[in-house]
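Have a go at each task before you read the solution under it.

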Amino acid sequence: MMETKTFARNKFLEYYQKHSASIKPPTQIEKREFGFLLFKEKVMIRHKSSKNSDDLTKLLTTIVPSDAYYSSAYYEKPEEKMEQKGWLGADLIFDIDADHIPTPCAKTHDKWTCNNCGTVGKGVLPEKCPACGEQKFDEKTWPCEICLESAKKETIKLIDTLTKDFGFPTKDISVSFSGHRGYHLHIENRAVQALDSMARKEIVDYILGIGLETGFHGLEERGEKKSRVLAGPGLDDLGWRGRISRGTYEFLLNATPEELEKIGLKKKFIEALTQHEKKILKSWEEKGPWGILMRGGVTSWKKIAQRGVEMQSAKIDTVVTTDIHRLIRLNNTLHGKTGLKKIEVPFNDIEKFDPFKSAIAFKKGAVKVLVSDAPEFRLGDQTYGPYRNRQVELPTAAALLLLCKGMAEAKEEK
Amino acid sequence: MKELDLKIEDMSDPILARAEQRIEEALLKAEVSTQLHKDEIEITSFPVAIMMVASTTDKLMKKRYALAEAKRAYNLLNEEENEDKILEIASAFNWKIRLADDTPPYEFALSFMDYLKNATKFQAKKWKLVNRVLVDGEVYLTKDDTARLLEEEVRAHIEKKLDVKGKFALPQNVADRVERLKKTFTKQKGKIQFEEFPAGVVISAFPPCIKKLYDDIRSGHHLSHIGRFALTSFLTNIGMTPEDVINLYRSLSDFNERLTRYQVEHIAGGRGSRTKYLPPQCTTLRTHGVCTNMDEICRGIRHPLAHYRKKLRTIKTEVPLERAQK
């Protein structure tokens, strides 16, 4: 039997020896900091630098990291300690991870074990252990198709906001599949480099709709007492206005009375909404539904619109974008949790992009593995599993995925 | 001054007097008046005043002067009927701005980058980018918005000009005027008391967000990275010793003395860059989900330390102080 970690590390080494040419170094490579996570020690080596792509290959093939990162920032001296690096600027980056999105699969494929009492559960990580109340868990996540589809949808929303509202040219934007549970979006141009953390925070808040008040976007009462009318944004309006309107439409179209109650609407108002359903639906062809039910007033409509905002906002990770010293995964390097590679998504084909096909790094060979427990999964056009305490022979990529996930032991390479 | 090829020695008395007056107005009334009928004096006295303020090493005085001059600029801009003039000034600061008077109530469209550079200094909700009309990289602005943003640009610009390293000699008659202003300001400062935090830590004066973090940690709960940073920086800033802060983290199951000590001391300014970190502002805490249970005081402040200071004042007059453990 082979030691599983050694096996995985050897495979990673093989990949970096053969495919170093595919690893496109980041722009201005000499100004970037590199970081590598070690296989066995699980320690990050930071403050590395490399002058060119040969240098980088040498680092990858000698260190053989489980994960390879570079800084979104540019530094005068990337090898120095943080305070002495001399920050010159940073690309604008976004991370969309299935962990931060409520998904239709409800993450039933994820397992957690309480570090304190050993209680085991499935699905989204609870805030505290239901048995002992501790908050430390060991988590086993799984990159499922539904999760990644949700993450992709969020990415498409993000692209929409970045291009239409912020006016970023598509040539400056690159989108990648992380190799695990999400997508990264990277904007490289001179102007964004100088943005400070505060400005980036404002961009994050804009994208997530944090602090948005619908009153600033035209949802308001107009006119004097008796001729008072409620007005709101239209479906085709630009920026957040149109988004508020479309989100409201989407929400009202699908909301159950329970959901309406949950956002704090009064029973009578909900009844009126149901009663006037047709009228409301029709109203979108003109001024929108805002003026139809005056009884609940502007407060009720604001509550509904606020849900619309949630539906339309792209669920990005707030920390990644505001951190101007962030290390991010290097394109075309392997992900230590899956053995898949981080790969750029063709901008115009994002809808059709298949992460479980495009991110496969190992296309040849097979490995005999002893699987302890694995769900059904797909790689390329093949579906595998579910397996439980079984020895199977799998194509290298599928075997490596289970090995990296700690769901199998390597037995023999074929 | 160099651009205008002027020497401070050659300045006439009316110019020097107006320069002194500008500064005095700034220090006493926080706003410099506009005296456009004496155009030449008005223009030339400005760089003279800059030199005078720059010659002092008083940071607060510099801040106040920059702010008051910026207010003067705002008033002038807001009254300006000619939109081209506003565009001209904005362009002098390298703003990417254009006329957009076909979309009332807006008159200008400004690149969001130039917008953010200045608007992030403002706290009112209307200045949040998410509450603006942003289309194709441009934020739509009224004339008043534009004047306000330019005021901020002017303020930062003047502050930069005033921030000169090293001393330079002024002619005696000018130096006398500066001395006089310094005295005026010292008297004025007596009125603006700057409170320091007392040595003791008063838990009941913690803002709700910090209280929650503090309670969580004491009951052995895990905190997010930013939560730990907010709590640690807050506590070290209100006078808790690094040792006491480290002890606080001791109750955690994954406590690592070496690592915790390094991080706490770093935040407290005892290591590395020796910068003492301030806790994040309220808006930042809100973004990262740390803000919780907002109370009445929260509505009037934008920084957790301001909350503490304010609450402390009310407590002081009421109950005896409850001290932090150990």
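**Exercise 1.** Work out whether R155(B) is buried or exposed, then find where R155(B) sits and what is around it.

*Solution.* Start with accessibility: R155(B) comes out at 17% relative accessibility, so it counts as buried. The scale runs like this: buried is under 20% relative accessible area, exposed is over 50%, and partly exposed is in between (1.4 Å probe, protein chains only). Helices (H or I, at least four residues) and strands (E, at least two) are DSSP runs, numbered from the N terminus. Finally, look for partners: setting aside neighbours within four places in sequence, R155(B) touches A66(B), L67(B), A70(B) and K121(B), where contact means heavy atoms within 4.5 Å.

A word on the ground rules: this is a predicted model, where local features need pLDDT of at least 70 and side-chain atom pairs count only at pLDDT 80 or more, while totals for chains, interfaces and linings use all residues. Residues are numbered from 1 along each chain as its sequence is written, chains are lettered from A and ligands numbered from 1 in the order in which they are written, and side-chain values use heavy atoms, with hydrogens and water left out.

**Exercise 2.** Find which residues make the nonpolar surface patch of about 260 Å².

*Solution.* The patch is built by Y249(A), L253(A) and L281(A). To qualify, residues need over 30% relative accessible area and no salt bridge; like charges are joined within 9 Å, nonpolar side chains (Val, Leu, Ile, Met, Phe, Trp, Tyr) within 5 Å. A salt bridge here is a side-chain nitrogen of Lys or Arg within 4 Å of a carboxyl oxygen of Asp or Glu. The areas are Shrake-Rupley values with a 1.4 Å probe, and for residues only the protein chains shown count as cover. Now zoom in on L253(A): it's in helix α6 of chain A, residues 239-254, and counts as partly exposed because its relative accessibility is 45%.

**Exercise 3.** Say where the cis peptide bond between G385(A) and P386(A) falls.

*Solution.* First the geometry: omega for this bond is about 0°. Then the location: P386(A) is in the loop between β18 (382-384) and β19 (387-395) of chain A.

**Exercise 4.** N389(A) isn't a glycine, yet has a positive phi; what is its value?

*Solution.* Phi is about 45°. N389(A) lies in strand β19 of chain A, and at 59% relative accessibility it counts as exposed.
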